[in-house]
Amino acid sequence: MNIAKPNSYRSGPDERGHFGIFGGRFVAETLMPLILDLEKAYTAAKADPAFQAEMNGYLKNYVGRPSPLYFAERLTEHLGGAKIYLKREELNHTGSHKVNNVLGQIMLARRMGKKRIIAETGAGQHGVATATLCARFGLECVVYMGAVDVERQQPNVIRMEMLGAKVVPVQSGTRTLKDAMNEALRDWVTNVHNTFYCIGTVAGPHPYPTLVRDFQSIIGNETKAQMQEVEGRLPDSLVACIGGGSNAMGLFHPFLDDPSVEIFGVEAAGHGLTQLHAASIAGGRPGVLHGNRTYLLMDADGQIQDAHSISAGLDYPGIGPEHSWLHEIGRVNYLSATDDEALAAFQLLSKLEGIIPALEPAHAIAKVMELAPKRAKDHLMVVNLSGRGDKDVPQVGDILRGKSK
Amino acid sequence: MTTRIDIRFAELAKQGRSAFVTFLMAGDPDPATSLEIIKALPKSGADVIEIGMPFTDPMADGPSIQAAGLRALKAGMTLKKTLELVRGFRKDDNATPIVLMGYYNPIYIYGVDKFLVDAKSAGVDGLIIVDLPPEEDDELCLPAMKAGLNFIRLATPTTDDKRLPAVLANTSGFVYYVSITGITGAAAADSSAVSEAVARIKRHTKLPVCVGFGIRTPETARAIASHANGAVVGTALVDALKNSLDADGRATAKTVNAVAELTASLAQGVKGAQQAAE
């Protein structure tokens, strides 16, 4: 790639929301004034020590942060190479990293006086986190979820309903995450006056990719401090799975300017990269969807193609714009793991460490199984264990008993 | 540069009446029928024709227009074929303005410069791109103006007086006022609210203002047209088309007429309206 290396990988985006050619604000005029308001509200909140102090209080006592950085001793022994640490985001309240971002956005919504919250969700982790914080702060909550995902992630649907949220199964298009996002945008355009759209990943129109990244960066910041404490130095490599890429961006961003740290993002290769998959960087090219320019899976006419992944949370034909930029500029190495590889990793981690991962981070573990054996024993590798697998138990159980594929 | 759009609105102003603007999806239900339908529109009373460019993920459209796009895509429609459709229409009609409406990605993938050249030569007069606000004018709006195509901007109830100048700055042809916050095919707008909004926009621009979203009947069309320079109807026409299809979604002998008849009755509504005060 003939792109000049920037002085810092952490200075983006520019004032128009661009990371290189990626990002931007490709939205209907109806939404534009609100997006500008959101940007203003976020800038003001960032500068307000009271906002940060209040957030920190909830992060500690409600979410349960900091999440542990755990040395996975048996996984390390089994793979026989790098020393593997798991960043235990699955121990957060609600069971994934999603709550970090939702807390921040809900607090922004309250500052902006919005009483109705909408969200899209794939695996349901973002939906559950949104429903949880809406319950906590007494806000109306509507979650859009593809009808296919409603089927395969039933436990999370039930949780959201118990928390008082309305879950709307989306029947349009491919009935997965991309269509849930379309439907959420349609709701937002209709109810723009009283509604805050709580986006779950580092995608969408500016300023969403930035604010979601900032709220998730607590993952990387804690990891840095915790690794310093136990090993007295920086990790040598980071690994995280990527659908839209919020857990990955949260872990990666604080390390982007540490050149000794190798960084790996893992996309979902589904049935394989030559078949149905959800690996936008490996199999896509730059296009414009859902408010931003980024790598997308599409046909020669610019029509968005169906993604496929065993994991509902990665089943999306795009990726956050900052990831597209980090790929083009060569700072992060994007790999992919298939459904079968993720399933094998899901079982391995369950049996070796007594930790059942969500299918999403199982993709990251799958690549750790390849990367770690090739690294020296003093190589420190951190994997973001972004969610717990409780929600996947029925689906994986059926697959392992040969009932479905 | 004067386009067919400018000429048409000047003619209508002389006649003291508002424009009836129709929207249908290119290639719905198949490319050949779609051309027949579009050819039938001017003689049924359409003054300006908007043609949708099908897209898999139409974020501002309701179920009817979403389904129309998917029918067209299933029938093999592409952006290239949409331009061929316009070329086909232009063989018999060199006066009715054609506006392509849709989302940016297919154009971006086609290549902006190539698209503008091909669209101009096919006989396209203007573009309405839902997901390109003024903040992204460098992408397509400015190149389109340079290529001699009108870039028609959407103004909405959320576009306040502070923002209107930015929205109108690089707009040409006409201004499309989206009468509700919502998606296409949603509830009708209140005509007194529309009247106020149009007056507000007109304080900022001399361009004609057309109003769309939520207009389904000749009566609403008449009410809206009396407050604006034009009324746009899309979903109702797309629904009439759909209701004429067979069980497998294929065109029948009734399809072209079904759209033409509704167009004629809506056009009567618009023509019964008094032109809005300038």
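Two strands pair if DSSP finds at least two bridges between them. Helices (H or I, at least four residues) and strands (E, at least two) are DSSP runs, numbered from the N terminus. With those terms in hand, A:G23 stands opposite A:R293 in β12(A).

This is a predicted model, in which local features need pLDDT of at least 70, side-chain atom pairs count only at pLDDT 80 or more, and totals for chains, interfaces and linings use all residues. Residues are numbered from 1 along each chain as its sequence is written, chains are lettered from A and ligands numbered from 1 in the order in which they are written, and side-chain values use heavy atoms, with hydrogens and water left out.

**A sheet in chain A**
- In chain A, 4 strands make an open, antiparallel sheet in the order β1-β2-β12-β11.
- β1 (18–19) and β11 (285–289) of chain A are at the edges; each has a single partner strand, so one side of each lacks a neighbour in the sheet.
- Strand β2 (residues 22–26) and strand β12 (residues 291–296) of chain A pair in the antiparallel sense, over 2 bridges.

**Where chains A and B meet**
- Chain A puts 39 residues in contact (heavy atoms within 4.5 Å) with 37 residues of chain B.
- Buried area is the accessible area (1.4 Å probe) that two parts lose on being put together, summed over both.
- Between chain A and chain B that area is about 3000 Å², with 51% from carbon and sulfur atoms.
- The rule finds 4 salt bridges across this interface; a salt bridge is a side-chain nitrogen of Lys or Arg within 4 Å of a carboxyl oxygen of Asp or Glu.
- B:D57 forms a salt bridge with A:K178, and their closest N and O atoms are 2.8 Å apart.
- On the side of chain A that touches chain B, the elements giving two or more residues are β2, α1 (32–46), α8 (177–190), β11 and β12 of chain A.
- α8(A) gives the largest share of that side, 8 residues.

**Chain B overall**
- Chain B has 12 helices and 9 strands.
- Its C-alpha trace spans about 50 × 40 × 35 Å along its principal axes.

**Backbone details**
- The peptide bond from A:G12 to A:P13 is cis, with omega near 0 degrees, and A:P13 lies in the segment before β1 of chain A.
- The peptide bond from B:D28 to B:P29 is also cis, with omega near 0 degrees; B:P29 is in the loop between β1 (19–25) and α2 (31–44) of chain B.
- A:T94 is not a glycine, yet has a positive phi of about 80 degrees.
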